[in-house]
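Here are my notes for your first read-through. Please keep the structure open beside them and check each point as you go.

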Amino acid sequence: MIPVLDWQRFASGEDRDGFVADLGAAARGPGFFLLTGHGVDPSLSARIFEMADLFFALPQSEKEAISILKTPHYRGWARDGLESLDEGSGQADRKESFNMGLDLAADDPRVLAGDPFRGVNQWPNLPGFRETMLAYYDAAMALGVDIHRAIALDLGLEEHHFDSAFVDPLAALRVLHYPPGTGAAGEIGAGAHTDYGAITLLMTDGEAGLQVRQRGGDWVDAPHIDGAYVVNIGDCLMRWTNDIYVSTPHRVLPPKRARRSIAFFVEANPDVVVTALPGTGAPKYPPVRAADYLMSRLDATYNAPVARS
């Protein structure tokens, strides 16, 4: 159900056409695939897991000092129970996270103007944490842009069609910690949802929990390959492709043991207008700014109001 694709088929030039065809089939079908050979340094991935463990082990008071609720830009620590990804269920997600975006200086004109999602990142007092997060953010974003070159070819567009859309993006990095399940009725790690952006690059520690809903409606466990990304199509790319690509519901069940994951959400520039791409037919959705769409989805997710500037 969820295919495994080797990025080196495309990156090396040995089988670009075959890779593009396989990516297109995955994007039109399950909406998920595993990506091996992606080139992100495994030692960098290992370091970010180590940093995540150090962060989540901090006293709550230190994490609370950089709470996501203290900024209108959705950056910092989100406590357990703050999010409900399944917006209509009434279930709070049982997880905590650290969230960061494009790293901007406090005197950046966009920060000073209070532009949406153009705030400064909030950092814990952990040596090496900021540097590790920024290095990973850059590596994952570069891979995300490259994957969109294969996507463009699959859609019959010029290879670099999407490049300009991902300059100074809304892309977000989240490191997540799921505590072991308690067995309580109705407990959920992350409620059933689709992702909001273009694509998601997810690295997990191998602990089971992630499930994907098949087109027929049944939930299946997502496969795991050490070092591989789980890649899925987000709602923004589904809108861009006019439903040629599909975003697929997924969830995280309460794990047996503590579970960590690294989610990188590839998002466009805030001012990019997401509308049906050329050759995809009559638009099924009204045009929308990427920032406006993301804000509408995030506002529906959180169980407490974030600060508004």
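1. Start with one term. A residue is called buried when its relative accessible area is under 20%. By that cut-off, 55% of the 309 residues in the protein are buried. Keep in mind that this is a predicted model.

2. Next, the overall build. The protein has 8 helices and 14 strands. Its radius of gyration is 19 Å, close to the 19 Å given by the globule rule for 309 residues, so the protein is as compact as a globular protein of that length. Along the principal axes, the C-alpha atoms fill a box of roughly 50 × 45 × 40 Å.

3. Now the contacts. Take those with a separation of 6 or more: 77% of them join residues 24 or more positions apart.

4. Then the surface and the charges. The accessible surface comes to about 12,600 Å². Carbon and sulfur atoms account for 54% of that area. The protein has 27 positive and 41 negative charges, and their mean positions lie 4 Å apart.

5. Look at helix α6, residues 129-154. Does its length agree with its residue count, or disagree? At 1.5 Å a residue, its 26 residues should span 38 Å, and the end C-alpha atoms are 38 Å apart, so the two agree. Just after α6, Gly156 takes a positive phi of about 75°.

6. Stay in α6 for Ala140. Is Ala140 buried or exposed? Its relative accessible area is 0%, so Ala140 is buried. Leaving out residues up to four places away in sequence, Ala140 touches Leu201 and Phe264. Thr200 is 60 residues from Ala140 in sequence, yet their C-alpha atoms are 9.9 Å apart in space.

7. Move to helix α8, residues 290-299. This helix is mostly covered, with 7 of its 10 residues buried. Among them are Ala290, Tyr293 and Leu298.

8. Why does Arg297 count as buried? The cut-off is under 20%, and Arg297 has 16% relative accessibility, so it counts as buried. What does Arg297 touch, beyond residues up to four places away in sequence? Its contacts are Glu87, Thr194, Tyr196 and Asp235. Find each of these on the model.

Terms used
Residues are numbered from 1 along each chain as its sequence is written. This is a predicted model: local features need pLDDT of at least 70, side-chain atom pairs count only at pLDDT 80 or more; totals for chains, interfaces and linings use all residues. Side-chain values use heavy atoms; hydrogens and water are left out. Buried means under 20% relative accessible area, exposed over 50%, partly exposed in between (1.4 Å probe, protein chains only). Helices (H or I, at least four residues) and strands (E, at least two) are DSSP runs, numbered from the N terminus. Contact means heavy atoms within 4.5 Å. The expected span of a helix is 1.5 Å times one less than its number of residues. The radius of gyration is taken over C-alpha atoms; the globule rule is 2.2 Å times the number of residues to the power 0.38. Accessible areas come from the Shrake-Rupley method with a 1.4 Å probe; for residues, only the protein chains shown count as cover. Lys and Arg count as positive and Asp and Glu as negative; His and the chain ends are not counted. The place of a charge is taken as NZ of Lys, CZ of Arg, CG of Asp or CD of Glu.
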